[in-house]
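Please look through the chain below with its strands, its packing and its charged pairs in mind. The paragraphs after it take up these topics in turn.

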Amino acid sequence: MKMSTMRTLTLLCLALAETQAGWAAEADPPNAKLTELTEMSMEDLMNIEVTSVSKKPEKLADAAAAVTVITQEDIRRSGVTSVAEALRLAPGLQVARQDAHNWAISARGFNEVFANKLQVLIDGRSVYTPLFSGVFWDVQDLMLEDVDRIEVIRGPGATLWGANAVNGVINIITKPAKETQGTLLVAGVGTEEQGFGAVRYGDKLGENTYFRVYGKFANHDDSVIPFGGDANDGWYSGRGGFRVDWTPSDTHLLTLQGDAYEGRVEQTFTNATPTPPFVQTVMDNYITRGGNMLGRWTRTFSEDANLQLQVYYDRTERDTAIFSEKRDTFDFDLQDRFALGSRNDLVCGAGYSLSSDKIGNTYTLSFSPARRNTQLFSSFVQDEIKLWPERLRLTLGSKFEHNDYTGFEVQPNARLLWTPHEMHTVWASVSRAVRTPSRAENDVRLNQPGPFPGTVTSILGSRAFESEELLAYELGYRVRPHERLSFDMAAFYNDYDKLRSFEPGAPVPGVPVIIPLTVNNLLEGETYGVEFSPTWQATDWWRLQAAYSWLSIQLHNRPGSADPISHGAEGRSPQHQFFVRSLMDLTRHWELDGEVRYVDGLPNLKISSYVVMDVRLAWRPNKNLELAVVGQNLLDNRHSEFAPTLLRTQATAVENSVYFKVTWRF
């Protein structure tokens with residue numbers, strides 16, 4: 001859609017909003033609001049419950065970590081259509097759309113589509129793949145109306161969540177079945193979101209048993225190449241699932257939930273070939289599918305004591321032109337929480353995970369062996385010690401893991417929380433975390449077109465690859481100087497060792513000439529930065545939120561390294577990011593929300609800085625019906641946010657767009 005058309009449409013919508021706002025203001029009692037987010041006070045926002053920092057419920061204000069909670073109301077009023085886009089609402093995260101279905105998402109640096117230092121969970125189920133220790137975001141297409149909140153921890157969380165939680169943890173928590181009763185219908189159409197819909201039904205199976213079932217689909221348009229023209233990266237997805245919650249007594253809760261999905265994805269690859277001309281372009285149309293089943297039993301003994309057992313099975317399949325993968329994961333986790341005297345609150349647990357894969361090899365991407373089972377044994381203990389009740393708290397803990405790649409790993413941390421006044425919270429931490437090798441870093445051979453005609457670059461895994469190590473120092477401060485104003489600040493210094501490098505070997509003569517790059521640990525570095533997020537309740541009907549983050553990455557070759565490419569990570573994460581978000585309840589029935597976002601350039605990917613604006617206007621004639629129009633990326637026709645790195649896929653640009661959405665509950 002042309003920019004002029006977008007502007008005209010937006011102005012017409014705003015004019016209509018003004019007209020209706022005046023009518024509604026006269027017709028409705030002044031305190032008869034339907035919205036929820038702007039009704040929450042600053043104190044309510046600081047008291048939002050989080051569970052990911054300590055594996056137990058606690059107030060956001062009392063969490064000794066850089067944590068942000070993205071609520072269901074945040075998601076609804078942002079107008080985003082995917083979990084990946086919703087993560088832009090968290091300060092300090094780097095979220096960039098590489099094409100229609102691929103995102104590069106990381107915290108505190110090292111961003112790329114194959115980012116590998118971020119743990120991501122959905123209701124306690126890890127969704128990062130051991131294939132490359134990252135996330136295939138195109139298959140995490142949840143029904144957003146079912147998401148209760150997304151807890152985002154910037155910084156290490158390895159003591160509780162294990163290896164891979166090096167730079168952060170994202171925990172997506174869905175609503176209990178009891179909170180999704182009745183029928184919900186969602187439908188929408190737009191220029192990029194060409195058609196989407198969802199239906200959910202919830203009911204009671206008995207006095208203490210609630211359930212819901214859902215189904216959804218979405219059809220996403222191709223993005224464009226940077227200078228115009230379709231990029232052949234359209235994306236269709238469909239999924240369905242259920243959740244049952246049974247509370248046979250006040251002290252027992254049983255949950256059973258599951259999902260199944262299938263998607264069809266278009267992608268253009270530029271591959272190496274073993275015969276002249278040694279390079280080819282493939283326009284692929286591949287399938288993704290999978291499913292999962294999770295069961296959880298929680299036994300509550302008291303406010304400070306409970307026992308939880310969780311088991312899940314996860315199946316994923318991906319069948320592309322350059323490789324295929326089938327993976328089965330079985331995971332068991334037991335957690336116990338109890339008080340020890342009046343000052344100690346302990347959480348401990350143990351777990352086991354088995355991951356079994358089968359890879360379909362091609363000349364471009366192959367694994368040896370093609371099948372492999374990997375096991376992970378883990379346990380953890382964490383003690384929260386009240387040094388000065390209500391004022392000073394020390395948390396000590398460690399994770400102990402044994403994996404099939406590097407053996408035994410220890411990941412301790414210490415966190416101190418000081419509350420000198422109910423309006424002020426200061427916290428500090430020091431943590432050790434590791435990222436254990438992925439399947440690819442051990443077993444892969446990735447052939448890509450070389451720098452010269454007749455050459456192929458081969459990235460080779462290595463069984464000698466060790467875990468990457470991090471020692472992290474953090475300092476944070478939260479303050480609520482006024483009942484309508486709050487600030488959240490965090491600073492960090494991360495010291496990395498044994499980072500992944502790609503060491504060149506002697507070219508292998510032949511046709512084509514092979515230029516090998518073997519995975520090694522001969523890189524080290526530091527990252528440091530600050531994250532600042534104020535929230536201002538300007539009036540009873542208008543809230544402003546903002547965030548600024550600054551990040552610096554310094555990488556160094558260790559002795560013996562000749563790595564020519566890994567330093568590129570220094571320029572793949574924006575040094576500066578800034579956003580301002582406005583939430584307005586124009587009247588009882590009308591909402592006007594918007595966000596302006598600045599993202600610094602990525603010099604090593606030749607991506608320029610950009611400013612975008614999203615606007616959402618919604619009409620809620622009653623509590624069960626909502627009609628919304630959402631404009632996204634409105635300040636330019638298109639812009640690039642990221643570029644391919646390891647795999648030679650099509651470079652694309654994100655277009656501006658508009659869509660209309662109807663949500664009906666009954």
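In strand S21, the bridge partner of tryptophan 388 is leucine 392, where strands (E, at least two residues) and helices (H or I, at least four) are DSSP runs numbered from the N terminus. The model is a predicted one, in which local features need pLDDT of at least 70 and side-chain atom pairs count only at pLDDT 80 or more, while totals for chains, interfaces and linings use all residues. Residues are numbered from 1 along each chain as its sequence is written, and side-chain values use heavy atoms, with hydrogens and water left out.

Strand S20 (residues 371-388) runs antiparallel to strand S18 (residues 344-360), to which 15 bridges join it; two strands are said to pair if DSSP finds at least two bridges between them. Within this pairing, valine 347 stands opposite glutamine 382 in S20. S20 is also joined by 12 bridges to strand S21 (residues 392-403), again in the antiparallel sense. The hairpin of S20 and S21 has 3 residues between the strands, and there glutamate 390 takes a positive phi near 70 degrees.

Elsewhere, 5 strands form an open sheet of mixed pairing, in the order S3-S8-S9-S6-S7. Its edge strands, S3 (66-71) and S7 (125-126), each pair on one side only. S8 and S9 pair in the antiparallel sense over 7 bridges, and isoleucine 153 has valine 169 in S9 as its bridge partner.

Returning to leucine 87, and not counting residues up to four places away in sequence, its contacts (heavy atoms within 4.5 Å) include Ile70, Leu93, Trp137, Ile150 and Ile170.

Glutamate 591 forms one with arginine 77, the closest N and O atoms being 3.9 Å apart. Because glutamate 591 lies in strand S31 (residues 590-599) and arginine 77 in helix H3 (residues 72-78), the pair ties together parts that are 514 residues apart in sequence. Glutamate 591 counts as buried at 1% relative accessibility, and arginine 77 likewise at 1%, where buried means under 20% relative accessible area, exposed over 50%, and partly exposed in between (1.4 Å probe, protein chains only). Glu591 and Arg77 are also linked in a network of salt bridges that includes Glu73, Arg76, Asp585 and Arg620.

A further salt bridge joins the side chains of glutamate 469 and arginine 432 (3.5 Å, N to O). Glutamate 469 lies in strand S26 (residues 468-482) and arginine 432 in strand S23 (residues 424-435), so this pair ties together parts that are 37 residues apart in sequence. Glutamate 469 is partly exposed, with a relative accessible area of 23%, and arginine 432 is partly exposed at 25%.

Methods. A salt bridge is a side-chain nitrogen of Lys or Arg within 4 Å of a carboxyl oxygen of Asp or Glu.
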